[in-house]
Amino acid sequence: MLHKTRGIVLHSIAYNDKSSIVYMYTEGFGRVSYLVARARGKKTAVSKALFMPLSVLDLEVEHLYKRDLQRIKEAKPCYPQVALSCEPVKNVLALFIAEVLYRVVKETEPDPKLFTFLDDSIRMLEYTEHGIANYHLVFLLQLLYYLGIYPNADSYREGAFFDLQNGVFIDHVPMHRHYLQQGESLVFARLLKISFENMGVFSFSRQDRVDIIHRIIEYYRLHLPDFSEIKSLAVIQSLFD
């Protein structure tokens, strides 16, 4: 039986000489692994060129619940994503976001709110020209809502320390090493107040941005124990020097 759904490309790897495995987050089925023939030519219904990281696709798929690798019968772009493929900064940001999602979004049940957030965020990356240096920071923090581990932003007070392990601002140094110093905590509290809509009016020094992304990644690792190394992080850090 064929189903129609939208899907977001997270990652792809070679399976054999003729096929690839494409990992996608779909609107209808959550995370799915698809076996895709690496066919070339105008007649193929599923072109390899479609499956770039963060591509948002309209799909017609086979879906058997006991099968590990599903199949795509037809795929086409939901909308043009020219900037993500052609503009170097947006292309690297797309690679980074896709890698993060590949590591953390593993549910095989649909989550309409998460899919809508991801779709809206990708459209924002494609079309916005303002505050792009802050995009990945805002994305990483807003994604925490949908992972169920968003910090308690209302607990900030002047001079507070952010307890990364417990996700709250406190007025003393905790008994463990996973916390932000007062200056870092101020930057972090400020960052929690920005969104995709207003990120263009906020500015951070390069050092603040580098420090805080490492701390956000640390927060992910503390709350998602199987969160592995993000290989594209070093490339992201070099973008805005």
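Author: We will take strands, then a helix pair. This is a predicted model: local features need pLDDT of at least 70, side-chain atom pairs count only at pLDDT 80 or more, and totals for chains, interfaces and linings use all residues. Residues are numbered from 1 along each chain as its sequence is written, and side-chain values use heavy atoms, leaving out hydrogens and water.

Reader: How many bridges join strand β2 to β3?

Author: Strands of a sheet pair through backbone hydrogen bonds, either parallel or antiparallel. Strands (E, at least two residues) and helices (H or I, at least four) are DSSP runs, numbered from the N terminus. Pairing needs at least two DSSP bridges. Here, eight bridges join β2 (residues 19–26) to β3, and the two run antiparallel. Ser20 stands opposite Val36. A hairpin of three residues links β2 to β3. On β5 (residues 70–77), β3 pairs in the parallel sense over two bridges.

Reader: Why is β3 largely enclosed?

Author: Seven of the eight residues of β3 (residues 30–37) are buried, so the rest of the structure largely encloses it. Buried means under 20% relative accessible area, with a 1.4 Å probe and protein chains only.

Reader: How do α2 and α4 cross?

Author: Two packed helices are described by the angle between their axes and the distance between the axes. The axes of α2 (residues 88–104) and α4 (residues 135–147) come within 11 Å and cross at roughly 20°. The two helices are therefore roughly parallel, a term for angles under 35 degrees.

Notes. Axes fitted to C-alpha atoms, helices over the stretch in contact; angles between N-to-C directions. Parallel < 35°, antiparallel > 145°, perpendicular 65-115°, else oblique. Buried < 20%, exposed > 50% of the residue type's maximum accessible area, 1.4 Å probe, protein only.
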